[in-house]
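Biologist: I would like to go through some labels and ask what each one rests on. Please show me the structure.

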Amino acid sequence: QVQLVESGGGSVQAGGSLRLDCTASRYTLKDYCMGWFRQGPGKEREGVALIALSQGTAYADSVKGRFTISRDNAKNIINLQMNSLKPEDTAMYYCAAGGPDECYSRSWVKGLSKFWGQGTQVTVSS
């Protein structure tokens, strides 16, 4: 069954921007550690950004300064604003939820344990 739903993916030229949203019907996302992950062709899945219940954040070095993760608790949405996109950002982007403690583990970059979405494709052309 679908736990999380991502939207906002698409195709954009290098240097452009996209905003991804993640939401759930049956869960209140403000109660979970939330993260965005991505997997490019032939690559392993990697953690992109993380946001804790406190709204503290963490980012992969490759996206730091370009991507921003945030919560819109009123709308039950997790946002990933992606600016200055590069071709190497091309990937399927997944939203995931974990227990509150998972946001304080260094292993978050490997994934979160509770719920996952089916992904939204981001393609960046040069």
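The questions below take a few labels in turn.

Modeller: Keep in mind that this is a predicted model.

Biologist: Why is N76 called buried?

Modeller: Its relative accessibility is 15%, and buried means under 20%, so N76 counts as buried. N76 lies in the loop between strand 7 (67–72) and strand 8 (77–82).

Biologist: Which residues does N76 touch, not counting residues up to four places away in sequence?

Modeller: They are C22, T23, A24, Y27, T28, L29 and K30. To be in contact, heavy atoms have to be within 4.5 Å.

Biologist: What makes a set of residues a nonpolar core?

Modeller: The residues must be buried, of the listed types such as Leu, Met, Trp and Tyr, and joined through side-chain atoms within 4.5 Å. The largest such core here has 29 residues, and L4, M34, W36, L80, M82 and Y93 have the most contacts inside it. Strand 9 gives the most to this core, with 4 residues.

Biologist: What does M82 contact, leaving aside neighbours within four places in sequence?

Modeller: Among its contacts are L18, L20, F67, Y93 and V122.

Biologist: How do you know that strand 1 and strand 3 pair?

Modeller: Pairing needs at least two bridges. Strand 1 and strand 3 have 3, in the antiparallel sense, so they count as paired.

Biologist: Why are strand 1 (5–7) and strand 7 called edge strands?

Modeller: In the open sheet of 4 strands, the order is 1-3-8-7. Strand 1 and strand 7 each pair on one side only.

Key:
Residues numbered from 1 in each chain as written. Predicted model: local features only at pLDDT ≥ 70, side-chain atom pairs only at ≥ 80, totals over all residues. Heavy atoms only, no water. Helix = DSSP H or I, 4+ residues; strand = E, 2+ residues; numbered from the N terminus. Buried < 20%, exposed > 50% of the residue type's maximum accessible area, 1.4 Å probe, protein only.
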